[in-house]
Amino acid sequence: MNDDETFVGIGRSPANRRQVGVKLLWIGIWLAFMGAPLKDLIDGNHTPWAAALGALGLLVFVGTYLVLVFRHTSKALDRRRVGATVAFLGTLAAVLSLTLGTPWLVLFVYVSVTVGATLPLRTAGWLIPVVTSVLVGIGLTGDHPGDVITALVFPALLGGFAMTGVRQMIRTTIELREARATVAQLAANEERLRLARDLHDLLGHSLSLITLKSELAGRMLPDHPDQAALQVADIEQVSRQALVDVRTAVTGYRRPTLPGELAGARTALAAAGIVADIPADAPAELPEKPEEVLAWALREAVTNVVRHSGARRCAVTLTPRQTLDGRVLELTVEDDGRGGSGTKPGNGLTGISERLATVDGTLTTRVTSSASGKGFTLTLSVPLGSALGSGE
């Protein structure tokens with residue numbers, strides 16, 4: 001389980017059963033303190049009616065606690081409903097503690113945790129000590145006030161304030177994720193604007209010239225066909241040059257780069273809850289064509305991991321090697337997923353193989369098995385000549 005998945009499980013609406021389980025684990029971990037009231041009920045210290053009402057009250061309390069914390073640790077809060085529910089939990093804890101005895105004071109620990117997990121930081125800062133004070137006040141009326149203070153006061157204070165810290169961490173993680181998405185969107189918008197400006201600069205003059213020459217050729221055509229033909233020849237030349245300029249301009253947009261695909265792979269795997277081990281940088285001064293082939297292959301491989309593998313971990317490595325035929329760059333994508341779906345290569349692997357063939361590259365695949373399950377390893381190698389010779 002990785003940190004990003006943990007925060008997804010707590011701070012966001014669960015998208016699958018695994019995330020539901022993670023969220024319930026982090027919320028239900030505090031149920032370890034429920035042993036005292038359960039033991040009090042099992043020991044038969046109360047009349048059957050009191051025991052039945054106590055069990056019902058305990059079920060209502062735990063159910064309300066789980067639902068409240070499960071639904072309201074995300075960013076959007078219905079403060080009135082949350083405040084009313086917290087007040088209900090506090091009242092129920094006080095009633096059960098006063099009527100059934102000291103073992104039920106542990107419910108105030110849950111009230112404190114709920115306050116820290118759901119209410120704003122400023123409100124939780126003063127309400128957690130208040131809840132703890134009520135616990136102490138009711139505990140002093142019991143038979144063993146010293147034991148109550150030692151056993152419950154510190155868990156109530158530390159549990160409540162710890163949950164405020166966890167909640168702030170969750171909110172910060174959500175805000176950072178949203179900021180990252182916003183930055184990516186702004187960068188994409190800036191690229192679109194730059195492309196629009198470049199195309200306008202490239203085509204504005206050419207299209208205007210083509211329009212003028214077309215009008216001139218139209219006027220010359222009836223009486224001066226030879227001169228009209230010259231204008232048409234100029235139009236053809238201008239249009240061809242405009243086409244060359246456009247292709248040159250968009251090449252940089254269409255060609256993927258290895259650093260860009262490494263960053264994209266890191267983002268895609270993190271969004272899918274997969275632990276990613278990806279190098280921060282690609283080797284410098286890569287030849288254009290081999291880099292493009294590796295970039296396309298990395299994009300396809302990571303897409304397959306995210307969509308089809310069911311993996312929990314994925315590692316990408318880039319290794320320059322010296323062979324008898326010259327220098328090569330080896331790209332390896334390894335996951336711990338289902339290990340492939342059949343003996344025939346899919347469209348993705350076929351496309352990768354076809355691209356590798358254009359640069360005399362090689363592709364090998366391997367299904368691995370271990371005690372923890374299967375995995376799939378994709379290894380590509382492209383020749384570089386002496387491009388990286390100066391890098392070592």
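Predicted model: local features only at pLDDT ≥ 70, side-chain atom pairs only at ≥ 80, totals over all residues.
A nonpolar core is a set of buried Ala, Val, Leu, Ile, Met, Phe, Trp, Tyr and Cys residues joined through side-chain atoms within 4.5 Å; buried means under 20% relative accessible area (1.4 Å probe, protein chains only).

Now pick out Phe61: beyond its neighbours within four places in sequence, Phe61 is in contact (heavy atoms within 4.5 Å) with Leu89, Leu92, Ala93, Leu107, Tyr110 and Val111.

Is H6 mostly covered or uncovered? Mostly covered, with twelve of its twelve residues buried, including Leu107, Ser112 and Thr118.

Further along, H10 (residues 258-271) and H11 (residues 288-309) pack at about 5°, their axes 9 Å apart. Axes are lines fitted to C-alpha atoms, for helices over the stretch in contact, and angles run from 0 to 180 degrees between N-to-C directions. The angle makes H10 roughly parallel to H11, a label for angles under 35 degrees. Among the residues making the contact are Leu262 of H10 and Leu298 of H11.

A note on reading: residues are numbered from 1 along each chain as its sequence is written. Local features need pLDDT of at least 70, side-chain atom pairs count only at pLDDT 80 or more, totals for chains, interfaces and linings use all residues, and side-chain values use heavy atoms, leaving out hydrogens and water.

Note on methods
Helix = DSSP H or I, 4+ residues; strand = E, 2+ residues; numbered from the N terminus. Parallel < 35°, antiparallel > 145°, perpendicular 65-115°, else oblique. Buried < 20%, exposed > 50% of the residue type's maximum accessible area, 1.4 Å probe, protein only.
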